[in-house]
Amino acid sequence: MRKFLILVVLFACNFAIAQRSVLDSIKQQVKTHAKEDTARAFFLNELAWQYLDFSLDSAEMYYKQGLDLSTRINYLSGIITAKNVKGILYRISNKLDEAVEVGKEVVALREQYGPEPKLTGAYTNLGSVYLVKNDFANALGYFNKALENARKWKQDENELLILTNMSIVYNNSELNDLALEMLEKAVIINKRLTGESQRLQEAQLHTNMATIYHKRHLYNEAYKYYKQAYDTYKEEKNLRQLSIVVFNLTSTTRENKDVKSCEFFLQEMEQLSKQLNE
């Protein structure tokens with residue numbers, strides 16, 4: 001992904017500014033709530049959570065403070081939240097055995113104390129660790145638990161994420177039909193969602209479906225879904241994702257011996273490369 005590094009930085013610029021504003025706001029709340037109570041523990045954990053995308057060292061520092069305070073004042077919700085951040089931090093840091101251990105602790109606490117809707121996240125996070133470990137049986141076990149809970153509590157966005165993760169498990173297990181089935185269900189759920197990310201999410205789902213069809217040498221189907229993603233990213237002016245899809249379209253049309261289309265997307269790649277490096 002190094003060739004997309006410049007664009008990622010540009011794309012992330014506004015996001016980073018917004019996130020810095022959120023961090024500053026939460027830090028102010030931590031200063032305001034100087035008394036060692038549940039409010040301070042809550043904001044320490046929230047700060048740790050926000051830092052997961054910004055600084056792992058800071059995330060570790062704040063979750064430890066949140067966990068220590070929550071434990072001393074017997075704030076159960078704070079303990080579970082801090083442990084959740086700890087588990088995600090281990091996963092990001094590729095300390096997968098430790099991530100599994102902490103993930104199991106969070107699941108056990110959620111199963112015992114609730115609230116039940118938050119079990120969806122606990123199961124999903126643990127399943128994600130097993131996915132990274134390539135332990136697909138355990139990954140599917142926890143994803144199925146998460147899926148059942150998400151449907152029970154009508155958590156559409158969570159269901160979409162879980163189905164996408166399950167498609168990755170099936171794809172990595174060479175169970176392509178099941179992978180496509182999960183993605184097709186995810187597309188249906190995505191149509192029920194609203195907001196700016198809905199169209200981009202649908203484009204990503206189409207890209208994933210196209211990738212599976214390409215792997216199965218079903219190039220016409222692959223082209224159809226890549227082209228849908230291409231049209232969306234072009235309209236949204238999302239050059240980073242557009243460049244990835246154009247690269248894949250070049251490969252698909254080449255394999256399908258569609259010379260005219262292949263030449264067109266090669267020219268598109270050249271133009272996008274210039275734009276990305278301006």
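**Close-ups of an all-helix model**

**View 1. The largest pocket holds about 640 Å³ of space.** Closest to its centre are Trp-49, Asn-84, Ile-88, Gly-121 and Asn-125, out of 28 lining residues. A pocket here is an open set of points on a 1 Å grid over the protein atoms alone, where a 1.4 Å probe fits and protein lies on both sides within 12 Å along at least five of seven lines; lining residues have an atom within 4 Å of a point. Grid points are joined across faces, edges and corners, and the volume is the space filled by probe spheres set on them. This is a predicted model, so to speak of local features we need pLDDT of at least 70, and side-chain atom pairs count only at pLDDT 80 or more, while totals for chains, interfaces and linings use all residues. Residues are numbered from 1 along each chain as its sequence is written, and side-chain values use heavy atoms, with hydrogens and water left out.

**View 2. Helix 4 (76-92) brings eight residues to the pocket lining, the largest share.** Helices (H or I, at least four residues) and strands (E, at least two) are DSSP runs numbered from the N terminus. By class, the lining has eleven nonpolar, twelve polar and five charged residues. For that tally, Ala, Val, Leu, Ile, Met, Phe, Trp, Tyr, Cys and Pro are nonpolar, Asp, Glu, Lys and Arg are charged, and the others, Gly among them, are polar.

**View 3. The largest nonpolar core has 55 residues.** Phe-143, Ile-162, Met-166, Val-169, Tyr-230 and Val-245 have the most contacts inside it. Helix 7 (residues 136-152) gives this core its largest share, eight residues. A nonpolar core is a set of buried Ala, Val, Leu, Ile, Met, Phe, Trp, Tyr and Cys residues joined through side-chain atoms within 4.5 Å. Buried means under 20% relative accessible area, exposed over 50%, and partly exposed in between (1.4 Å probe, protein chains only). A second, separate core of 21 residues includes Leu-52, Tyr-63, Leu-69 and Tyr-75.

**View 4. Phe-143 and its contacts.** Setting aside neighbours within four places in sequence, Phe-143 is in contact (heavy atoms within 4.5 Å) with Thr-124, Gly-127, Ser-128, Leu-131, Ile-162, Asn-165, Met-166 and Val-169.

**View 5. Gln-198 sits in helix 10 (residues 197-215).** Gln-198 counts as buried because its relative accessibility is 16%. Beyond its neighbours within four places in sequence, Gln-198 is in contact with Asn-190, Lys-191 and Leu-193.

**View 6. A cis peptide bond runs from Gly-114 to Pro-115.** Omega is near -5 degrees. You'll find Pro-115 in the loop between helix 5 and helix 6.

**View 7. His-217 has a positive phi of about 65 degrees, although it is not a glycine.** This residue lies in the loop between helix 10 and helix 11 (219-236). His-217 counts as exposed because its relative accessibility is 55%.

**View 8. Lys-257 also isn't a glycine, and its phi is positive, about 60 degrees.** Look for Lys-257 in the loop between helix 12 (239-255) and helix 13 (259-276). At 72% relative accessibility, Lys-257 counts as exposed.
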